[in-house]
Amino acid sequence: MNARAQTLLWAVQRASAAVLGVCVAVHLATMVYAIRGGLSAAEILSRTQGSAGWFAFYSTFVLAVSVHAPIGLRSVLAEWLGWHGRGRDAALLALAMLLAVLGMRAVFGVFL
Amino acid sequence: MIGPAGHTGTWAAWVHRVSGILLTLFLPVHFYALGSTLESAAAFDALLVWTRHPLIKFSEWGIVVMLAAHLGGGLRVLALEFLPWRDWQKGLAAAAAAFALVVGLAFALGL
């Protein structure tokens, strides 16, 4: 991969990190709040179903993490397993797509 | 790159990396479970009964702590890379650890 593409991945990783910083903080606060008195499907769905705000939030969260996790794993695979090249990047692209599809399926599951 | 042994920054980099890997492994399971069970409230509530097992609760707590640690460590990285160097930034690894501890305690209190 050329230097320009490497730089782009670095920038995307930092940009997604900044988005995720906000998302994770909201997610942690929501979890600590929501688990008081025990969770239930009814309680979660009453918060999320038909809520455009939560739909936008979780969609942003899922898409940002679908980009962030594979790019992070890319360095780990290179440094710890010595796995470079197109095979690795194809596997990471597949991981990104898996996270995006499963994540959006869950988002639609709580919204619809 | 991880760094020299025994250095605070090395510890922070290890925690950041390991938590990132474990969170990445957890995410497909998390999404799949939510996507499959929330279609029916009964199925989701059955999953919640399963999560009351002490070992599962402890794992959940561990994931929450790792998420907080990864957030704290990530903010540290962003501060080191994008802000001009200041002496207070030496305390960021400790601040990230303290933040993960606070979130872990807050979550444990609600369990």
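1. Contacts within chain A. Of the contacts in chain A between residues at least 6 apart in sequence, 85% join residues at least 24 apart. The model is a predicted one, and this figure and those below should be read as computed from it.

2. Elements of chain A. Chain A has four helices and zero strands. Read from the N terminus, the order of its elements is α-α-α-α.

3. Dimensions of chain A. The radius of gyration of chain A is 17 Å, whereas a compact globule of 112 residues would come out near 13 Å. The C-alpha trace of chain A spans about 50 × 25 × 20 Å along its principal axes.

4. Burial in chain A. How much of chain A is buried? Buried residues account for 21% of the 112 residues in chain A. Here a residue is buried if 20 or more other C-beta atoms lie within 10 Å of its own.

5. Contact between the chains. Chain A and chain B meet in a contact that takes 28 residues from chain B and 28 residues from chain A. On chain B, the side that touches chain A draws at least two residues from each of helix 1 (8-37), helix 2 (41-50), helix 3 (54-82) and helix 4 (92-110). Which helix of chain B gives the most to this side? That is helix 1 of chain B, with ten residues.

6. Composition of the chain B side. The residues with which chain B touches chain A comprise 20 nonpolar, five polar and three charged.

Terms used
Residues are numbered from 1 along each chain as its sequence is written. Chains are lettered from A and ligands numbered from 1 in the order in which they are written. This is a predicted model: local features need pLDDT of at least 70, side-chain atom pairs count only at pLDDT 80 or more; totals for chains, interfaces and linings use all residues. Two residues are in contact if their C-beta atoms, placed from the backbone, lie within 7 Å. Ala, Val, Leu, Ile, Met, Phe, Trp, Tyr, Cys and Pro count as nonpolar, Asp, Glu, Lys and Arg as charged, and the others, Gly among them, as polar. The radius of gyration is taken over C-alpha atoms; the globule rule is 2.2 Å times the number of residues to the power 0.38. A residue is buried if 20 or more other C-beta atoms lie within 10 Å of its own, exposed if 12 or fewer, and partly exposed in between; C-beta atoms are placed from the backbone.
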